[in-house]
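Have the model open beside you as you read.

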Amino acid sequence: MTPGSEKSSPQKVVAITRPSLHETLMTVAEAYALRGTCSRLQVGAVIADSRGVVLSSGYNGAPAGMPHCDHTDSSEPCRLSVHAEINALLWAARRGVATEGSCVYVTHEPCYNCSLALIQAGITEVRYRYSYGRNSGVPLLIGASIDVSSVSLVGAE
């Protein structure tokens with residue numbers, strides 16, 4: 001036999017399991033949440049275009065240069081923290097990135113005020129993982145004809 005003419009056995013095809021695009025972008029939002037500086041709750045947000053390209057991201061916490069939030073002795077809502085969705089929108093604005101027609105992936109349902117901002121920024125889809133409960137802006141988003149749904153992560157919890 002000449003080199004390279006040997007019969008090779010068929011290669012075994014191994015199936016790989018890939019997360020959906022929604023799961024992937026929600027995982028990215030979860031990673032940004034870890035950067036949050038509010039001791040009450042860490043939230044992350046990612047804004048992506050219709051192809052899944054990340055346009056902007058953000059997490060909740062005190063404004064730049066200010067001390068981190070500390071709620072160890074308080075049950076009051078945080079009044080200092082800038083929410084993840086707002087930080088993601090502001091980061092896009094600072095960089096001249098258009099958000100109209102895009103989707104935001106946020107670890108928790110947007111609050112009422114964040115929902116107002118998302119509507120005004122032209123966001124057309126909102127995907128969240130956890131319920132926010134009080135002051136949820138989901139009814140406002142639905143009323144503005146924004147596509148809203150929850151995303152669960154395979155194998156999580």
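Glutamate 125 in strand 4 is the bridge partner of cysteine 103. This is a predicted model, in which local features need pLDDT of at least 70 and side-chain atom pairs count only at pLDDT 80 or more, while totals for chains, interfaces and linings use all residues. Residues are numbered from 1 along each chain as its sequence is written, and side-chain values use heavy atoms, with hydrogens and water left out. Helices (H or I, at least four residues) and strands (E, at least two) are DSSP runs, numbered from the N terminus.

**Strand 3 and its neighbours**

- Strand 1 (residues 44–48) runs antiparallel to strand 3, joined by four bridges; here alanine 48 stands opposite cysteine 103.
- Strand 4 (residues 125–130) pairs with strand 3 in the parallel sense over five bridges, with tyrosine 105 opposite arginine 127.
- From strand 3 the chain passes through helix 3 (residues 112–120) to strand 4, a right-handed β-α-β crossover; right-handed means that, with the strands pointing away from the viewer, the path from the first strand over the helix to the second runs clockwise.

- Five strands make an open sheet of mixed pairing, in the order 2-1-3-4-5; strands pair if DSSP finds at least two bridges between them.
- At the edges are strand 2 (54–59) and strand 5 (147–150), each pairing on one side only.
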